[in-house]
Amino acid sequence: MDTEAFLTSSYALIRSCASVAPGTPARTLPGAVHLSTARSALPSPTSLPEHGRGPAATVAHLTQDIAPALGGNNRSGRYYGFVTGGTLPVAEAADNLVSAFDNHVQVHLPEQSIGTEVEDVALRLLLRLLELGTDEEWKGRTFTTGATASNILGLACGREVVVSKRLPAGSEDGVGELGILGACAAAGIREIQVLTSMGHSSLSKAASVVGLGRRAVKELPLSDAEPWRLDLDAVERELQREGVASIIAVSAGEVNTGRFATTSTDMKKLRELADKYKAWVHVDGAFGIFARSLPATDEFAGLRQSTAGLELADSITVDGHKLLNVPYDNGMFFTRQSSTLEAVFQNPNAVYLSSGGPSPIPSPLNIGLENSRRFRALPVYAVLVSEGRSGIAEMLARMVRLARGVAAALVEDPSLKDDYELLPAGSTPENTHVVVLFRARDEELNRVLVKQIQDSGEWYVSGTKWKGQPACRLAVSTWRVNVDEDLKFIKERLARIAREWRSR
């Protein structure tokens, strides 16, 4: 087989089945026929054939049978489910380069590969994009598979530090060496708790993974009206409990509403409380933290202010495959000291994995979960270099403008406001980031609204619940946004759904 000819033709086939002609909307979901065809084309999983189909026939199977049955979230600008970003073309090109070279980026070997240096530059540039501070303020930085993995790192680092601060003077070993039971016993700790407000579900998973338990996560909402806001008085009461160490997890922003748990004043107060009571402040900023990268104009001043103070945290979760629009899977994690990550994730007794000498760039396998991982930094590096601060800011601005346009239409448009309600109560377009939560006023329509939208194949929203009732959640997170065209489309489709429901 001519390898280069095969790869060239394969890439052409892939682009042919993935491309979208200008002016032609892509379906957000595959049709039933395509799903049925793909299922019937799958081989029996009970018996692996003795002889394979061969590379060319397999690529034809992938592009002709499998690809048409995949979701259209990257091909469509109207996929508003979850917070699923698209993939910028330059990020897709970079990701193809990652596969072509297949570098293993876990040991810093500067004489053998530039990979770890590219990763370090990407993380440092991201600090600038997010306006978090200097390299010296965030010496612990690494790539992960996404926000869930970054939250695991955040709780693991928090666990290490809050326990170590309570160990007897002279103790050098923490949880990483002694284990959670031994370290807590030595420190006189009977419980480690995670204090949050409407924390993402991955926070509970992370608490389980790092040995705290899902029940360690405690919700401290400010009020029924603003449950996403963190009640600082309740936080202080919890921090005062004897024999209890605490990690404070700040949601920025909350997954159903996109709203933020803290203000700049709140963050200053949290920092003071954490320092006083030896607590750890972790920010889950998966998508919300990108509000810091919006244009510094009056239009976005409120959103930028909502994220003020997040730079005071001890650790921060960031997602790349959401608003930054790089391919799955991609996340980042920042903390103050690389030594904190090393205390937890050091990979000992493996001389063959040594970097060969001291370096300001640590080997990634010593500061993260994986001993083997993809060069996922390259697509991020490519986006940062290609788009620059202003290009990324404008991409983010389009997302916000569309979300705010939808929110405004639900409140003000005569063809929509009597049939739909913007949630939570009291929401305005001005405090909308990229998530719009709403429901149909007719309870029967509200129960089927999400399905009606999804079944159309033209656009996609996620279903959720608010105050115990079904709700629609529209999250704008793709570079393909065309504010005017997409807003017109959404308004027309929502009006049509309500009109047809009334006349059924």
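Mentor: Welcome! Helices here are DSSP runs of H or I with at least four residues, strands are runs of E with at least two, and both are numbered from the N terminus. This is a predicted model, in which local features need pLDDT of at least 70, side-chain atom pairs count only at pLDDT 80 or more, and totals for chains, interfaces and linings use all residues. Residues are numbered from 1 along each chain as its sequence is written, and side-chain values use heavy atoms, with hydrogens and water left out.

Trainee: Which residues of helix 4 are buried?

Mentor: Buried means under 20% relative accessible area, exposed means over 50%, and partly exposed lies in between (1.4 Å probe, protein chains only). In helix 4, the buried residues are Ala91, Ala94, Asp95 and Val98. They sit on the same side of helix 4, because they cover an arc of only 100° around the axis. That arc is taken from the directions between the helix axis and the C-beta atoms. As a general idea, an α-helix has 3.6 residues a turn, so residues three or four places apart point the same way.

Trainee: What do the buried residues of helix 4 pack against?

Mentor: They pack against helix 13. A contact here means heavy atoms within 4.5 Å.

Trainee: Now the sheets. What is the strand order of the open sheet of five strands?

Mentor: Two strands pair if DSSP finds at least two bridges between them. In this open sheet the order is 1-11-12-10-9, and the pairing is mixed. Strand 1 (79-80) and strand 9 (420-423) are the edge strands, each pairing on one side only. Helix 13 (residues 377-412) packs on this sheet and touches strand 1, strand 9 and strand 10, its direction making about 25° with that of strand 10. Such angles run from 0 to 180 degrees between N-to-C directions, with axes fitted to C-alpha atoms, for helices over the stretch in contact.

Trainee: How many of the residues of strand 10 are buried?

Mentor: Five of its six residues are buried, which leaves strand 10 mostly covered. Strand 10 (residues 435-440) pairs with strand 9 in the antiparallel sense over four bridges. Along that pairing, Glu421 stands opposite Arg439, and Tyr420 has Ala440 as its bridge partner. Strand 10 also pairs with strand 12, again antiparallel and over four bridges, with Val436 opposite Leu474.

Trainee: Which strands does helix 15 lie across?

Mentor: Helix 15 (residues 483-502) lies across strand 1, strand 9, strand 10 and strand 12 (469-475), at about 130° to strand 9. Its 20 residues should span 28 Å, and its end C-alpha atoms are 29 Å apart, which agrees. Among its buried residues are Leu487, Phe489, Ile490, Leu494 and Trp501. The partners of its buried residues include helix 13 and helix 14 (443-456).

Trainee: In the sheet of seven strands, which strands stand at the edges?

Mentor: The order of that open sheet is 2-8-7-6-5-3-4, with mixed pairing. Strand 2 and strand 4 (217-219) each have a single partner strand, so one side of each is left without a neighbour in the sheet. From one strand to the next the twist averages 20°. Strand 5 (residues 244-251) and strand 6 (residues 280-284) run parallel, joined by five bridges, and Ile247 stands opposite Trp280. Helix 8 (residues 201-209) lies across strand 3 (191-196), strand 4 and strand 5, at about 150° to strand 4.

Trainee: Last one: how many disulfides does the count come to?

Mentor: Using the rule that a disulfide is a pair of cysteine sulfur atoms within 2.5 Å, the count is zero. For Cys184, the nearest cysteine sulfur is that of Cys157, 16 Å away. Cys184 counts as buried, at 10% relative accessibility, whereas Cys17 is partly exposed, at 30%.

Notes:
The expected span of a helix is 1.5 Å times one less than its number of residues.
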